[in-house]
Amino acid sequence: TPLPEQEGPTVGTMGTFELMSSKDLAYQMTIYDWELFNCVHELELIYHTFGRHHFKKTTANLDLFLRRFNEIQFWVVTEICLCSQPSKRVQLLKKFIKIAAHCKEYKNLNSFFAIVMGLSNVAVSRLALTWEKLPSKFKKFYAEFESLMDPSRNHRAYRLTVAKLDPPLIPFMPLLIKDMTFTHEGNKTFIDNLVNFEKMVDICAASPSFISKATV
């Protein structure tokens, strides 16, 4: 039995939420996300990848930014699942798809992916009757968004999209963390008691160059 403070919300915010402009919501989300992202130092990515206990340094800003992704993702799931009326749920789906589209327009890829992953969560995707009533135009948008999340060929669709964008942009941070982790775990730090500089160059290139591209 959960404790009182562990109980989740029982009523959604649909009444207030539907009065807000999707574009304004995406814009305000992007401003806040940018502030969080701009506080993340490149070295925090290094500490996170190699293990912060080795450096005795904090990664508080990075942790906060990563937590933000989960908050947005589960906010989407919570709002839709708390809405008991099918017609209202359809409106919510449309609203979140619009917000995701505007986040993509503002090059806020972190929140864009968080919203799309929230919509693809099994708790939402199983609402077959709700999805059936979604207009075909929005179904098409959502299918395009999902294609960007395709993990095949090492997230090629996403990487090609990012390569075409001009900075500044807010990247999909979990994928950047994954790239650095694979580089770290897939290569030895020392070879014959000598530092593996090729690995270090790859690690350093992954974080500072991406951050600088994102924040120019």
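Let me begin at Phe 190, which lies in strand S1, the stretch covering residues 190–191. Please keep in mind from here on that this is a predicted model. Phe 190 counts as exposed because its relative accessibility is 53%, and the cut-off for that word is anything over 50%. Together with Val 195 and Phe 197, Phe 190 makes a nonpolar surface patch of about 340 Å². Between S1 and strand S2, which spans 194–195, there is a loop, and Asp 192 sits in that loop. The phi of Asp 192 is near 55°, a positive value in a residue that is not glycine. Asp 192, too, is exposed, because its relative accessibility comes to 71%.

Let me step back to the chain as a whole. The protein chain has 14 helices and two strands, and its C-alpha atoms fill a box of roughly 65 × 45 × 30 Å along the principal axes. Of the 216 residues in the chain, 39% are buried.

Now to the charged pairs: how many salt bridges does the structure hold? There are two. In one of them, the side chains of Arg 68 and Asp 33 meet, with a distance of 2.6 Å from N to O. That pair ties together distant parts of the chain, since Arg 68 belongs to helix H5, residues 60–82, while Asp 33 belongs to helix H2, residues 22–38, and the two are 35 residues apart.

Arg 159 is partly exposed, because its relative accessible area is 30%.

Staying with H11, I would point you to His 155, which has its place in that helix. The phi of His 155 is near 55°, a positive value in a residue other than glycine. Most residues other than glycine have a negative phi, and most peptide bonds are trans. His 155 is counted as buried because its relative accessibility is 13%.

The loop between H11 and H12 holds Pro 168, and a cis peptide bond, with omega at about 5°, joins Pro 167 to Pro 168. Ile 170 is found in the loop between H11 and H12 as well, and Ile 170 is buried because its relative accessible area is 3%. From Ile 170 to Met 180 there are ten residues in sequence, and their C-alpha atoms are 17 Å apart in space.

Rolling a probe the size of a water molecule over the atoms shows where empty space is left. The structure holds one cavity of 30 Å³ or more, and the volume of the largest cavity is about 30 Å³. Which residues line the largest cavity? They are Lys 104, Leu 109, Phe 112, Phe 113, Leu 148, Tyr 158 and Thr 161. By class, the lining divides into five nonpolar residues, one polar and one charged. Helix H7, at 109–119, and helix H11, at 152–163, each supply at least two of the lining residues, and the largest share, three residues, comes from H7. H7 is itself mostly covered, with ten of its eleven residues buried, among them Leu 109, Phe 112 and Phe 113.

I will finish with helix H3 and its surroundings. In H3, residues 42–50, the buried residues are Glu 44, Leu 45, Ile 46, Tyr 47, Thr 49 and Phe 50. Gly 51 follows H3, and the phi of Gly 51 is positive, near 105°. Although Cys 39 and Leu 62 are 23 residues apart in sequence, their C-alpha atoms are 8.1 Å apart in space. I am happy to go back to any of these places on the screen.

Methods: Residues are numbered from 1 along each chain as its sequence is written. This is a predicted model: local features need pLDDT of at least 70, side-chain atom pairs count only at pLDDT 80 or more; totals for chains, interfaces and linings use all residues. Side-chain values use heavy atoms; hydrogens and water are left out. On a 1 Å grid over the protein atoms alone, a cavity is a set of points where a 1.4 Å probe fits but cannot get out, and a pocket is an open set with protein on both sides within 12 Å along at least five of seven lines; lining residues have an atom within 4 Å of a point. Grid points are joined across faces, edges and corners, and a volume is the space filled by probe spheres set on the points. Helices (H or I, at least four residues) and strands (E, at least two) are DSSP runs, numbered from the N terminus. Ala, Val, Leu, Ile, Met, Phe, Trp, Tyr, Cys and Pro count as nonpolar, Asp, Glu, Lys and Arg as charged, and the others, Gly among them, as polar. Buried means under 20% relative accessible area, exposed over 50%, partly exposed in between (1.4 Å probe, protein chains only). Patches are made of residues with over 30% relative accessible area and no salt bridge: like charges are joined within 9 Å, nonpolar side chains (Val, Leu, Ile, Met, Phe, Trp, Tyr) within 5 Å. Accessible areas come from the Shrake-Rupley method with a 1.4 Å probe; for residues, only the protein chains shown count as cover. A salt bridge is a side-chain nitrogen of Lys or Arg within 4 Å of a carboxyl oxygen of Asp or Glu.
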